[in-house]
Amino acid sequence: MDLIAMIKSKKAKVAVIGLGYVGLPLAVEYAKADFEVFGIDISKDKIATLKKGKTYIEDITDQDVAEVLGVGRFHPTCDYKELQKADAVIICVPTPLRKTMDPDVSFIVDASERIAENLKGPMLVVLESTTYPGTCDEVVQPILERGDRKIDRDFFLAFSPERIDPGNKRFYTKTIPKVIGGVTKKSTEAALSLYGNVIENVIPVSSARVAEMVKLLENTFRSVNIGLVNEIALMCDRMGLDVWEIIGAAATKPFGFMPFYPGPGLGGHCLPIDPIYLSWKAKIHGFEARFIDLAARVNSVMPKYVMNKTAKILNDHRKCMNGANILILGIAYKRDVSDVRESPAIDIIGLMKRMGAKISYHDPFVPRLNEEGDILHSVPLTKETLKRSDCVVIVTDHSSLDYPFVVEHASIVFDTRNALKKFGKRQNIVRL
Ligand SMILES: NC(=O)c1ccc[n+]([C@@H]2O[C@H](COP(=O)([O-])OP(=O)(O)OC[C@H]3O[C@@H](n4cnc5c(N)ncnc54)[C@H](O)[C@@H]3O)[C@@H](O)[C@H]2O)c1
């Protein structure tokens, strides 16, 4: 039976490399769709947790993991040799930036090397990690073609951008349309058959490079628009205008306007990083990506703006940052997730601490934070905690937070997310 027929009949075995926010939901989805799945991760802790039938991300429940383990269709492992049993492999490893702000594709290289070492028969390899156009054919393909292996004979190679939005209950792995582009036509065809089994809507594009660029356009679009609205927020602050009221009114226009909202800064593994992958690649082509660089500059000043505005709020109450008790509400990079990667809260905490503030935080999703070597623990959200604070700063608007309780007991709340919209104008509320 050829590879595509095996995939279509679900006889193909699937391996997912990297079981994080992207890889774990995908592995579970394939196992639920009756595929036998090998989930490979270098983290022994993650594999041990999964083997116990437990999860470590919000979008997947213990029950999801236990169910696919129980029927013997999910095999979490640290052993790359399991790749020898796989017919299709999906790579979901991290793509961070180096300290020099260059793309770090070493995780992709490492995963590709392991695949090459264990590639037995015809195999479909799909890269899902967000990366610059050209990664599949410039980086992955040469590794897989070492020796006398050839694409379209010994393996197929495609890119499919991951669009998962952790914490989003409406759109999840199965219901988010999936763009797919192969390095070759046969690769596109093979990847379409793989994803067509578990994703409701698959969208073929003409090449892996196109698919790689699609993801970077999507995230650059968000980063630039957030940069624009952050700049408008800074402008409105100078002009004494309420930016939230303005965006709300502009959003009543039924065409030609899409609301984006200002905030304390960009966070997460995607928006602060992905556009930089694109501007780096553009530079190699002698092209300066001006919007990307400008948006990154505007977005990166937001934590400092939050710190300065908190200092001003304290000053208005005859207090100063040095020695003030500041309670940060929410430190995850966005609502209803536990991920603190690149979270603006971390920058804000660091800036305020350097000014002498005494910082505590409350986040129902993040019990513990390692802030530059200092271990902070989430404090309970009590009347005493709120009353003791000179200023409460809402950095992440988790939906489970008891906002009426906060407004009732805090002397002053600085709301960087418009979480207190329904409270209207109040003396103890200051908005971004
Ligand atoms: N998190 C998101 O919302 C999101 C959305 C779209 C795209 N992406 C992209 O998807 C990719 C993965 O992101 P993520 O958020 O899932 O990251 P993550 O850190 O949550 O997960 C990555 C996993 O890969 C494992 N890993 C690292 N190197 C490995 C290796 N050589 N072999 C096996 N496992 C390895 C890590 O232990 C970790 O469990 C990134 O490129 C990211 O930009 C993420």
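**Entry 1: the cavity**

I began with the largest cavity, for which I noted a volume of about 50 Å³. The model I examined is predicted. I then recorded that a search of the whole structure returns one cavity of 30 Å³ or more.

Next I asked which residues line the largest cavity. I listed Leu26, Glu162, Arg163, Ile164, Thr173, Ile176, Pro177, Lys178 and Ile199. Sorted by class, this lining holds five nonpolar, one polar and three charged residues.

**Entry 2**

I turned to helix packing. Two packed helices are described by the angle between their axes and the distance between the axes.

For helix H8 (residues 208-239) and H10, I found that the axes come within 8 Å and cross at roughly 115°. I noted the crossing of H8 with H10 as left-handed. On the H8 side, I wrote down Met213, Lys215, Leu216, Asn219, Thr220 and Ser223. Their partners in H10 are Asp274, Pro275, Tyr277 and Leu278. The contact of H8 with H10 comprises five nonpolar, three polar and two charged residues.

**Entry 2: helices H10 and H11**

I followed helix H10 (residues 274-284) to helix H11 (residues 290-316), and recorded an angle of about 145° with the axes 9 Å apart. The crossing of H10 and H11 is left-handed. From H10, I listed Pro275, Ile276, Leu278 and Ser279, which meet Ile292, Asp293 and Ala296 in H11.

I then looked up an open sheet of five strands, and noted the order S10-S9-S13-S14-S15 with parallel pairing. Which strands stand at the edges? They are strand S10 (358-362) and strand S15 (429-431), each of which pairs on one side only. Neighbouring strands of this sheet are turned by 25° against each other on average, direction ignored.

Within the sheet, I examined the pair formed by strand S14 (residues 413-415) and S15, which run parallel and are joined by three bridges. In this pair, I found Val413 opposite Ile429 of S15.

Finally, I returned to H11, which packs on the sheet and touches strand S9 (325-329), strand S13 (391-394), S14 and S15. I recorded about 150° between the direction of H11 and that of S13.

Note on methods
Residues numbered from 1 in each chain as written. Predicted model: local features only at pLDDT ≥ 70, side-chain atom pairs only at ≥ 80, totals over all residues. Heavy atoms only, no water. 1 Å grid on protein atoms, 1.4 Å probe; cavity = no way out; pocket = protein on both sides within 12 Å on 5 of 7 lines; lining within 4 Å. Points joined across faces, edges and corners; volume = space filled by probe spheres on them. Nonpolar A, V, L, I, M, F, W, Y, C, P; charged D, E, K, R; others polar. Axes fitted to C-alpha atoms, helices over the stretch in contact; angles between N-to-C directions. Helix = DSSP H or I, 4+ residues; strand = E, 2+ residues; numbered from the N terminus. Left-handed = near helix turned anticlockwise from the far one by under 90°. Contact = heavy atoms within 4.5 Å. Pairing = 2+ DSSP bridges.
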